[in-house]
Structures are given as structure tokens and as C-alpha cells.
Amino acid sequence: MGGKTKQAPRTKNNAKPSSSSRTAELLGSSTPIFVGFSAQTDGGGLVPFAPGFASAEQMPDSFDAAISPQTQIILRKLSKKDPMTKKKALQELHELIEQSDVEVLKNILPLWPKYYLNLASDPEHTVRELTQTVLQLLMAKCKKAMAPYLKLLVPVWLGSRFDTYAPAASIASQSFRDTFAGNANRTREVCMHCQVEILEYATRNLTFHTAATLSIGKSLTPEESEQKYQRVIISSLKLLSFFIGQTAQTEELSQVREGLGTLVAHQKFWSFAKHKVPPIKAAWFECIYHILQSVALLDVITPQKTQLTTLCFQFIDDADPVVAPHIWGCVLLLQNNYEDWFVPLNIRKTLLPKLSSLLHNGFNRNAQAICPNLLPFLSKVTPASLQDLDIYDFYQRFFDDMKLAVTKKFDPPLAKSDCIVIHNAYFECLRFLLQLINNNKEREKKEEEFSTNLLDNNVLEPIGWLLKSDSAHVKIFFQHSSALVAFWDRQINNRLDNGGLYAKMLNQFWTRIFELVTQDLSAEKVNEQLLGHVLLLVQDLHMANPSLESPSVKFVEEPVGKMEKSEPTTPVKKAQEAAAFIQKELKQLVIKLVRICLDKANISGSGTSTSRYIEQIRTLTKMFNDAAFYKSLTDDGDLRSALNKFVSLLGQLSCDASESVIEIVFEILPLLETAQRFEYIENTLMKLPQHGVQNLLLHRLLSYPLCTEPAVRQMLSSPETCAMIARIAEEVVVDNDREKLNLLHKCFFQTDTGDILINANTVDKILLSMCGPLEQPVLDDAVEVCGSFIAQIMPVICSNNNSSLHVRQQIFLKLFKFSLDHRPEDYLSEDTLWEITTCWQDGLSSKDIEIDDDMLKCCAGIVEELANSVELKPETLDGMAEAMAKFVICSTENIEDEKKRLERIDETISALLESPLKTPDQVQQFENHCVLLEALQGSVTAGVTFENACLLRDEILPLIQRSTLNFSTIYKLVYQFPPPQVTNDPEDELTEDYCDPNADVLKEWNEPLIAELLQCIRVAGTAECWLETSDLPSVTEELVLFLSEKVQSFMGNSSDLVSIVKERLQQAAVQQSSVIDCRLLSYFRFCRQYAAFEESASILLHEDLSENLVTQGALKTYVIALQFLLPKLSQKAITLSSAIMRTEPPEIWVKAAVFHALLLNNFEGDVNEQTDRNIIVSAVQFMTSIGEKQASQKELLHYNRNSKAALRISYKYSGVHKAFN
């Protein structure tokens, strides 16, 4: 139905050539230009390949039978036009090479060079990259098998190293290095082996091919063709540069010279020098540079010397950063290789305008590439080379033009690196020219005048301008100027100043500098920028290094004497030599500047301007500190006048400026006689009223070495100094100033005898002031600062009685209270709290603080005061307990007599734990209150009569808080930590610094301590009842749980004290006098014998209590304990066979309570068993008997709630009974 005619199906393995292949065959020349097998039956040799022909790429239309069909398909794909097809084919070829052995790959090696030539210059960069990857793998795998084809591959391979696509170039370079990595000369050997092919390949590309010829048979756009051509040209030029660089040292270069001669004789080759594409232009000049650099190849380019010289100097002002370095390299080599380099040039019309333009424009922002060449260029400029131009006119023009590059403001500004290299080049050329004139012993007067004019116009004039400018060149220019004059100064000292030229210029320099500096600073109002720049210039002159050299050049100086030959030694860096003018002209300049600034400061009065002048004065006085210098600062010419002049400024300066003046004053003081020095300090400086100045003076007096002087020690003990230090301590508390705090620290510097720099009275005042924030209700950062300060100095003041005993005791009590009362917060770090706590502990351990009865009473009062605080948190109470336990240990550890030590421990514990908040009556009343609440709730039958059960919540909380504090304190004193586990891990081995946690644990316990423990446990058990029967605030609930957990942890400890407590609790319960005593038996489940069974602990405890208590006849104790254990027992833990069921209690409520517990324990679940009806039967029988007794005894159940409860439960489970029946 119309449409295209169906084509014949493709043959297997695509054996028939495509239409494009047949077209290429028809267009091919009679002489085959590809590598392949001939059509002869003998399978003949390779068809010749002419390197350089990159057009008419005719691929083979048939393949050797040894090549597999799969490989043939891949190779055919490589000749397709579509880039994606070629990329896939290259990837497949890469995989094929990886999977094939060398013998198989040898079949495709004859074909590869043609494909490689075609693909290495493909327009698609990814194709070129993959091509280099395939070559890399092929070379690595085939190695010597590639040798017959090396000459065909190397020209393109080396050219690919300079592919404009970096990944392709990198792979080509790496594969070439890997292939020829045997020794350093392998690359040169390969280049020489393939020299003819390389030169022919490059020559063909550079002289024959065009964008059109390189793209014949390709479906490329004009832009793609041009881009491909440019890549080939760039790689060919760079290939030649590389080839020349590798072979330049070879002796036999006849073929190279012949090939290069043919190339440079072709006019098309020279057209690349003016190419509009910078990389091509740069590559051409690079190639010429390598030819000029080789002495053996110089004859090749000499016939074109005129053309080359004109070209190079024509582009001397080229702005492209890629091209310029190569052009300047060629210019310098032309100057060096040919003495008549200037002959083809018109210097005045050709060179000078371009050179001036280059310098005016800041080297076209390409200074780093061009500037290092200026000095070599200038050194080759001779009077003869300038033709009709005077050489000194040239020099002056050159430096005037370059001065603009140094001082001109560019928009946008030059980069810092450009500024640096421009200044380096500028001063290198200046030094060279002036040294050239100096070395000329037969110079004329006009040459010396030129030198002085050059100094004035090109150094001093820019300095004068830069002093008032905000240019970015200021610092760099000043540094180089200083180095230049320092160089002249050294040449003079080394007697290398021929005819006094350097001396004359130095004199001119200093005369002009004095004028520039002083006349500008003498104005009534001095610009701050000017002042800063003057100071910068003076500093650079003071630090001038006469050996300043740039990386690009080193000036050779004439040796003074003949050097004897010596053995080579390790180079040692020479110390910088100070220029001689520093102690002469520069010193006089600094004196003049200091006097000007002092006068300005006095006139300005107070304010920022005065401080600014003082800052400059301080910088200047750091340069010189000898007596002659300071004497020169006043008209009287003595040191005391200089001191008075500086001291008179202190009343009107800011803190920073005052510090600078004090530094100057204390530099002058050592220049006085000893007696005069200390007399001036005491009678003049210490009488100054300004607080800031006083602080600075004290800082100096308390610093080494002045603090070791007896006269200073005496000054520090005076009442005036004591008042100053006390004032500083009070200010630190308010403003938290770090400088003042450091000053206070200096007061406690210890001498060899252990004494400190201030007296005890001053120490007391400091301590009392710094303790203030620790007692304030409003807490801020001062707490951290003052607390840490006191903690650090306490060992110092206690060690040698450097303060009064009364004050030390006061400080101890305040620190002890602070440790009890505070925990880490925003205002207090954990480290500072640790410092404060360990401070008073160390004082106790070292006997610096001794606790007598009065001190113990004070400490107990502090504990009582804090324990009575409203709603203390558990963590606070635990921290207090930790501190109290440490107090007990530290205050008694130095008593050598063990008996007395234990007695003192008991006294201390008793004093700290005794409290009106927790008396036996209050504990008993709390118990009655909670038992009443439980009885009213119906959860427990009291079974014990009691009175006075009313207690307010506000009365309960202090009792629990104090009990928690006391129990936690005892807990920390008696708790036995488990021993460390023994393992085979070396990291777990005990080291020498291992501290046994049980070292301070009390091993003996007196009755008061045991009684206190038992009472606290009673409170804990009662508090649990309170928690279960009342709706408590979260804070109170947390406190009760904390105390309960402490008791539980204690009961699980391995200490023998636990056994004693357990025995006492059991004895109290058996007496059946208190409900709480019975409740406390439930704590036994946390003892080790039960705790190990975890969830079954309550069951085991119940079984033991059942046997023991029933056996002893303590039935009420068992029943009450059972009521508390009941919620923790698993279902059916109580049965009709229990021991209690076999008894007949004398009181009805006991039996009723047992049935109550039996029914709850067995029928709280969702499922019951048939045998459970026996329990119902027994309960009904019991209720029936009670009913019968009630009929005869009307008052039987009047107060028996449990009997009534049992009755109600029996009714509740009557339905179960009927079901069983």
C-alpha cells in the first residue's frame, strides 16, 4: 500500500559492509592509507600507513578469519558516525580486552593504530577519553606484542597527552608513563626511536591540514570542524615542545634538525604566532622557546631570526596570561642567544610604546608571569641596543612607567600577589641599576646625578605620597625601601661603596625622610592615617633586612678576600644583621617623633587623640630602651625628667594608654640607681590617686623580678597598699574583672620560705570580701569566680598561717555551707563546686583546719539550718549527705589512736544527725497517722491500739527530709562496695593509683548509729504507707521514693550491719507492738538471700515468715505483714494448707484477716479451678460460726472491721460456690 520498499535482511554477524563503508571504498585513493590485511590470499603484510593523514579515514571492509565475529561487530561500530555507538563499542572493546588473553588480542593489534588515529581526535570528548582508556589497557596487557606498531601509535599517543579535555590527556599521560617506566631515559629513547614519525605527524598537521581536510568523510558542523582542527594544532605544537625537551641533550640530532628546518621554513607555521586563539598562540611560542633553549637546534631557527625577533617584541605587551610567559621567555632567549637581537627592531617606535603600555597597565594583571623577567631583560639593554636613544633616558622612562604600576590605583584593585611581585621587580631593577653605576669606577658626574634623581623621584617621592595615601601598596613599598637602604648601608660597611655613591644616597634619603616626617607631624591636627603610616615606615626601617632577596634573583656581591676551599658542611642560616643606620639616623628620627607625640599628647589633654599618640609612643620606644635614648626625650637630658614627663600624662589617659605609659616608666626605672628607683616608686608612683593606675602599678610590683626585692615587699605591707588591694577585691565581687582577679592571684605568690607577698591583715580582707557572693541569695557569675578563687588560695594561706585563725575558720564554715547548699547550676559549674568541696576537705585532712567542739557545733547548726529548708530535692539531700560523710571522714582521719578516732567519729555523727525535726515522739505520731489512714481505707487491720494520730502535712515533710538526710549520710559511711571482678583483660588490672572505695567505710557501729538507722527505716516504711493512702505533690512523692530506694539498696548490701538491722527489725516485729514494725519486714525481700530470686523474692519471704512467725506464735505480726506483702504475692501463694490455717488465733479478727487475704489471693484472677471451692466452703463455714457466735454475743463484731469484710467477701464469692455445687 505504498511506502518504502522493504530492504533485504542483514546477513549474520553483519558481514556485509554498510553503505557508508562502500562509499568510502569508492572514494578511496589507489594507494591504501589504512592499516589492515591485504586482499591477497596469502594474508600478506601490513598496508603502509602515513602518519599525519587524518583525513579520508577508510576502515577495513573485511577482517581476518582469526578475528571472532563478536570482535568484528565491535570494530565495525567503531567506524560509525554516531557518538553513542562509538562509546558503546569502546566500552565493549574494553570488556573484550579484559576477558581475552594476549594470543587472541594479537589478531586485532594490526588494525588498532588506524582506529586509534581516528578516535583520538574525535569531536566527542568522552569518545577520546574511552579511546585512551582502551589503549592503556591494551598496552598493559599486550606489552611487547605492541612493539611492531609503536611507531604508528607514538605520535598520536604523545599528542593525546595534550588533549584539551583533561581526563583524556591524563589517561594518555599515565599510560605512557606506565608503559615506559623502566628508567629515566626510556622516554627519550622512545622519542628518538620514533623521531621521524613524530616530526612528520606534527609537520603534516601544522603545514598541510586544515579544518576541512581533517573532517573529510565526517558529518561535522563548521564549528565542530574548527574545534577539532584547533585541538590537533595545539596538541601538535605541544608535542613538538615535549619532543624537543626530551631530545635536546642527544648527540645525534641531524634528522631532528632536518625535520624542524622543513617545518620552520613553511610560512603557514609562522601564521600560528598571530592566531586569534590564545592556546594556539601560547603553544607556538612555547615551541619556539624550546628551540631557542637548545644550543644544538639554534641553527634551525637562525635563518628566521629577523622574523622571529619582530614577532616576539611585537607581542611583548600581550595581555593573555597563557601567552605572555612564553613570549617573554622567547624575548629573554633571543637577547641571550643573539648579541644583535635589537637590529630588526625600531626601539623608539616598536619597543618603548609597548613596554610603557605594559607597565602603565599594571602588566595587564599578569604580573606574576611577566615581572620575574624584567631584571634579565633590563640587564641585556645596552647603549648599543637602544640605537639613537640615550640609555639613561631609557632607564628613567622605564622606572617612571613602572612607578605608576607601583603607586597607581587600579579599578578593580590588583591582587595582593600581583602587588608583591611588581614591587619585587621594581626594587630588583633599582638595586641592579644603582649597583651597576656604583661598580663603575670610571663613572661620570651625570651618572651620579642620575642615581640621586632616581632615588628622589622613584623612592622618596612615592614614600612622601604613600604616607598620606590609603593605597594598598604602602606596607610593601616601605618594606622594600627599607631593605634597599639597608643594602646600601651594608655595602658601605663592607667597603664596597665605590666613590661614596651609597653614602651620598643614604645621606639624601635620611635628610628627605626627616623632612617628610617632621613637617607633616608638626601640623596642629595630624591625620590618624598619616601617623600610622609614619610609624609603619619607621618600624620597617628598624626591622630592615639588608639581605632581602626575591625568589627570582640573587645579587652577587664581591668577596672581600679570597675564600679558601673547605669541606662541605651543613648549611647554617645566618642571623639577620642589623643595619648600622639604626643606631644613628633612625634613632634620631625616633627621638624626634617621640618628642613630637609627647607634645601633642600634652596639648590634646584627655580623649582618644591623646591615647592614640601614647600608642604610637609605646611602639616607638620598643625600638630603643637605652639611657641615652630616654635622656634625649627631654630638654634637661636626665632620666628623672623623662619619668616625670610620662607620669604627668597618667591622669588624663584611658586604661590601655595608661598601661602603655606604665610599661615605658618601668623600662626607664631599671636605668636609675637602685635606691633612686625604689624611692621614686614609693614616693611618686604609689601616691597616684587613679585606681586604674594603682592596679597597673600593683601588677608590676607583684610580678617577677620586682616582687623578690625587699623594698617592694616592704611597700606591699604598707597600710596604703593594703587598702588598695582590699579595694580591688571588693571591685572584683562587683564587676568580675579578670585583670583584677589575676592581680589578686599574684598577691599569693609564695616565696621559697612559704611566705606570700602580702600580710595577714590584707589576706583577711581579701578573703572576707571574696566570700560575700557565696552567702548572697541572688546568685550570678560572681559565685563561680569567687568560689574558684578562694578554693585555689586556701592551701596557700593555711600552709604557713598567712591569715588569722578566726578568718580561716569563718571561711571554712562558709565553704562547708556552700557545698551543702548548692548543686551544679547555670551560675555554678561542676568543676567549681568540686574545687570548693575539695578545698575544705583538704583543709581538714591536712590539719590546716581543726574541728573542735565549737566548730563541730557550728557545722551541726549549718546542717540543721539547711535541713529545715522547704521541700529539698532528693539530689540536694544526697549532695548534702555526701558532704557530711566526707566531713566525718576528713575531720577524723588524722587521729592516730584508733579508739579515740572511733569515739570522735561517733561524736561527730551524733552532732550532725541530731535534730529537733526528728524525735521519737514525732516518728511515733507519724506512724499512728499513717496506720489510721490505712485502717480507714480498709487495706490494713491495725490490731494495735494507739492515740494521737493527727498530723499535718507541713509537719511530716521536714521529718521525712531530715530522715532522708540522716539515712543517706549513714549509708555513705557504712555502704560496702562489691570488690572488682577479676578478669583476664589486661586493661582491667588494678594499677598503683587504684583507690579502694571501701577504704573509709566504717567497720564498727555503736548503738546510737544503729538506732538512728532503725528509726530512719521506720520513717521510710511509714512514708510508703503515707504515699499509698494520700494524694501527694510530685516533689513529696519523689522524696518518699528516694528514701525508700535508699533503704532497699542498703538492705541489699553485704555489710554485716545489714544483718544486725535485719535482726533488730525482726525482734521489734515479733513484739507485736506496732503495725509499722510488721510492715518493715517487707524490706527483707531486698536482702541478698531473697533478691537473687527477683520476682519470686516476695513468695520466698512470705513462706519463711509464715513458718517462723506462726511457729513463734506471733500471729498478729504475720497477719499484718501478710497484708502488706499481699499485693506483691503471685496468685495462689496462700492456700488452705498454709501454717496459719492450722492455728486457732485467740482473736477473731486475725482469722478473719487471714480468710480475707486467702480469698483476695486466690480469686483476683479471671480463671478459677474446681478445687478452689474448698476455700469458699471453708470461708462459709468460718462465717457461719461467726454468725452463730454473734447471735449469742451481740457486741462480738462491734469493732471488728475485718470480720465484716470477710463476710462481704464471702457473699461476693457465693456465686462461685453455687457454681461449684
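Trp157 counts as buried, because its relative accessibility is 0%. Leaving aside the neighbours within four places in sequence, Trp157 is in contact with Tyr116, Gln132, Leu135, Met139, Leu150, Ala172, Ser175, Phe176, Thr179 and Phe180.

If we take the contacts between residues at least 6 apart in sequence, 74% of them join residues that are at least 24 apart.

Now a word on confidence. The mean pLDDT of the chain is 82, with 86% of the residues reaching 70 or more. Where is confidence lowest, and where is it highest? The lowest mean, 36, belongs to helix 1, residues 19-27, and the highest, 94, to helix 14, residues 278-293. Over residues 1-57 the pLDDT is below 50, and in the model this stretch has 73 contacts beyond near neighbours in sequence. Residues 1199-1221 also stay under 50, and for them the model has 36 contacts beyond four places in sequence. Where pLDDT is low, the predicted coordinates should not be read in detail.

Let me turn to the aromatic residues. The structure holds 40 aromatic pairs, and I will take two of them as examples. Phe967 and Phe1050 form an edge-to-face pair, with 5.7 Å from centre to centre and 85° between the planes. Phe967 lies in helix 46, residues 953-974, and Phe1050 in helix 48, residues 1034-1051, so this pair ties together parts of the chain that are 83 residues apart in sequence. Both partners are buried: Phe967 has a relative accessible area of 0%, and Phe1050 has one of 1%.

The second example is Phe1155 with Phe1182, whose ring centres are 5.0 Å apart and whose planes stand at 20°, so this pair is stacked. It links distant parts of the chain, with Phe1155 in helix 54, residues 1148-1163, and Phe1182 in helix 55, residues 1173-1192, 27 residues apart. Phe1155 counts as buried at 5% relative accessibility, and Phe1182 likewise counts as buried, at 12%.

Beyond the pairs, there is one aromatic cluster formed by Tyr392, Phe394, Tyr395, Phe398, Phe399, Tyr426, Phe427, Phe450 and Phe477. Charged groups meet rings as well: the charged end of Arg161 sits over the ring of Phe242, 4.5 Å from its centre, while that of Arg204 sits over the ring of Phe208, 3.6 Å from the ring centre.

One further residue to look at is His473, which is placed in the loop between helix 23, 445-467, and helix 24, 474-493. Is His473 buried or exposed? His473 counts as buried, because its relative accessibility is 5%. Not counting residues up to four places away in sequence, His473 touches Ala405, Val406, Lys408, Cys419 and His423.

Finally, let me come to the helix packing, again with two examples. Helix 47, residues 1007-1029, and helix 49, residues 1056-1070, pack at an angle of about 60°, with their axes 11 Å apart, and their crossing is right-handed. The contact is made on one side by Glu1007, Leu1009, Ile1010, Leu1013, Leu1014 and Ile1017 of helix 47, and on the other by Leu1057, Ile1060, Val1061, Arg1064 and Leu1065 of helix 49.

In the second example, the axes of helix 33, residues 691-701, and helix 36, residues 738-746, come within 10 Å and cross at roughly 40°. Here helix 33 passes helix 36 in a left-handed crossing, and the residues that meet are Asn695, Leu698 and His699 in helix 33 with Lys740, Leu743 and Lys746 in helix 36.

Methods. Residues are numbered from 1 along each chain as its sequence is written. This is a predicted model: local features need pLDDT of at least 70, side-chain atom pairs count only at pLDDT 80 or more; totals for chains, interfaces and linings use all residues. Side-chain values use heavy atoms; hydrogens and water are left out. pLDDT is the predictor's confidence in each residue, from 0 to 100. Helices (H or I, at least four residues) and strands (E, at least two) are DSSP runs, numbered from the N terminus. Contact means heavy atoms within 4.5 Å. Rings of Phe, Tyr and Trp (its six-membered ring) pair if their centres lie within 6.5 Å; planes under 30 degrees apart count as stacked, over 60 as edge-to-face and the rest as tilted. Buried means under 20% relative accessible area, exposed over 50%, partly exposed in between (1.4 Å probe, protein chains only). A charge sits over a ring if NZ of Lys or CZ of Arg is within 6 Å of the ring centre and within 35 degrees of the ring normal. Axes are lines fitted to C-alpha atoms, for helices over the stretch in contact, and angles run from 0 to 180 degrees between N-to-C directions. A crossing is left-handed if the near helix is turned anticlockwise from the far one by less than a right angle, and right-handed if clockwise.
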